[in-house]
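Please read this report with the sequence and the 3D structure beside you.

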Amino acid sequence: MTSLVSDRSNDPGSFDIVVVGGGVGGTLAATLLGRAGYTVCLIDYHAVYPPDFRAEHLDGPQIGQLRRLGFLDDLTLGLYRGETVTLARAGRIVGTSGTINYGLRYEDLVNRARAALPPEVRTVIGRVAQVDTSDTIQRVRLSDGGMITGRLVVLATGQGQAIGKALGIGRRLIRQAHSLTFGFDIEPIGDTCFEHSFLVYQREQIRDRIDYLAAFTMGATTRVNLFTYRDYKEPWTRAFMADPAAGLRGTLPGLASVMGAYRPTGPVVGRPIDLYTSERHRRDGVVMIGDAFQAACPATGMGMVRLLTDVEQLTALHIPRWLRTPGMNAAKIGSFYDDPVKRSCDEKALHDSEYRRALSTEQRPIWRLHRGRIRTMQTMARWWHRQPALSYPRISADPPGDMAGDPARA
Ligand SMILES: Cc1cc2nc3c(=O)[nH]c(=O)nc-3n(C[C@H](O)[C@H](O)[C@H](O)COP(=O)(O)OP(=O)(O)OC[C@H]3O[C@@H](n4cnc5c(N)ncnc54)[C@H](O)[C@@H]3O)c2cc1C
């Protein structure tokens, strides 16, 4: 396993950029900045990123983004490469379309990213206790008393809010416990194997508050992510986690007709997410990326898309401009938050998060009509094209089929 190497015996000195948080966002940003020749320090309290249930599948626009940034090969070397996605609902296959995709655990993704850090990036294992910012120099204090300085701090601390809060940065909660995602392995029963390496199976009944189930190859197993709008504390959740086979039979009874007989194996993890965005974030000396700035519902796949957009726009466009002139005031930093590419990606992530939830739970007639329209379009595409280029529920850069006529946009 690759670890961040502690370099605390020497005075780490001063850097162009100090990145706080070595999850996927901070690590990829540090890599690109190091490759560009800046002096960079990356700080995280985990030497090796620990097991963590988060994004487990790379697909859709994330693949193009990772390729463009030069990370795709390092992050996916040796993994099974899926080339199609099969969309199914109500016990029937709706269509299959081409899409490159890979399954891997989040901790493996982060640790692979860390393994690709260039040697020029100084890595420090430690907990950042405080960040003191100004329009010239930033001071990052570690909990053991160590201090690291830089011209700019990139805050990539994920969902943790402590450092931002201490800087006066607020978090606007859009919806607490917006969605609940489950992860577990499954295996075929008997002497068979699963036919589809990436299957997306849509909800059957609105009352179940399920969006879709994604089953994909991950190493030697088939992994399931089930995206729901359930409450973590409700009895259904406890029952599902105790007996996922019964839970799936009750909510997605047609799944076995598409996938073949299956049984869940191993533990079920469930993780709720809050939907939030930042406010009062235009500050001297510090910029936020990834989940530190805003969350996306996992069902949209926009968490990684947002994060990669932040990383690309910040490292390719804004930081080089900022470092060309003295000072690092809030007005300079504001150009990142005003970046039209970032803004439209952030807006899309919030919109898609709300849209998918409404599409999966709303009982009002306009949404019933909308769902009916989507089903009709899918069926027509199936008849007319035989091999329809149907988009699956993860939102792509272009509005996919089931976003057309979205009532939330009306
Ligand atoms: C259950 C679940 C499923 C998801 N599924 C998907 C999906 O299918 N597709 C998708 O695109 N997105 C998905 N997401 C979202 C995606 O995982 C996140 O957007 C992404 O992981 C955020 O990465 P990050 O680098 O911003 O933060 P993180 O990966 O959380 O990294 C933050 C880092 O900061 C470090 N840190 C924090 N505070 C300090 C401190 N004080 N000092 C030092 N270090 C510190 C932590 O140790 C950590 O390493 C999912 C999320 C969840 C919760």
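Predicted model: local features only at pLDDT ≥ 70, side-chain atom pairs only at ≥ 80, totals over all residues.

Are α1 and α9 roughly parallel or roughly perpendicular to each other?

## Helices α1 and α9

For α1 and α9 the angle is about 25°, and the axes are 10 Å apart. Angles under 35 degrees count as roughly parallel, and α1 and α9 are therefore roughly parallel to each other.

The crossing of α1 and α9 is right-handed. On the side of α1, the contact is made by V24, G25, L28, A29, L32 and L33, while α9 brings L307, D310, V311, L314, T315 and I319. When the residues of this contact of α1 with α9 are divided by class, nine are nonpolar, two are polar and one is charged.

## Helices α1 and α4

Helix α1, which covers residues 24–35, also packs with helix α4, residues 106–115, at an angle of about 15° and with the two axes 9 Å apart. Because of that angle, α1 and α4 are roughly parallel to each other, and their crossing is left-handed.

In this pair, V24, T27 and L28 of α1 meet L109, V110, A113 and R114 of α4. Sorted by class, the contact of α1 with α4 has five nonpolar residues, one polar residue and one charged residue.

## Helices α2 and α9

Helix α2, made of residues 61–69, packs with α9 at an angle of about 25°, and their axes are 9 Å apart. That angle makes α2 roughly parallel to α9, and α2 passes α9 in a left-handed crossing.

By class, the contact of α2 with α9 has six nonpolar, two polar and one charged residues.

## Around the ligand

How many residues surround the ligand, and which are the closest? The ligand is surrounded by 34 residues, and the closest are G21, G23, G158, G290 and G303. The elements that give two or more residues to this shell are α1, β2 (40–44), β14 (262–279) and α9 (302–324). By class, the shell around the ligand has 15 nonpolar, 14 polar and five charged residues.

Technical notes. Residues numbered from 1 in each chain as written. Axes fitted to C-alpha atoms, helices over the stretch in contact; angles between N-to-C directions. Helix = DSSP H or I, 4+ residues; strand = E, 2+ residues; numbered from the N terminus. Parallel < 35°, antiparallel > 145°, perpendicular 65-115°, else oblique. Left-handed = near helix turned anticlockwise from the far one by under 90°. Contact = placed C-beta atoms within 7 Å. Nonpolar A, V, L, I, M, F, W, Y, C, P; charged D, E, K, R; others polar. Near = placed C-beta within 6 Å.
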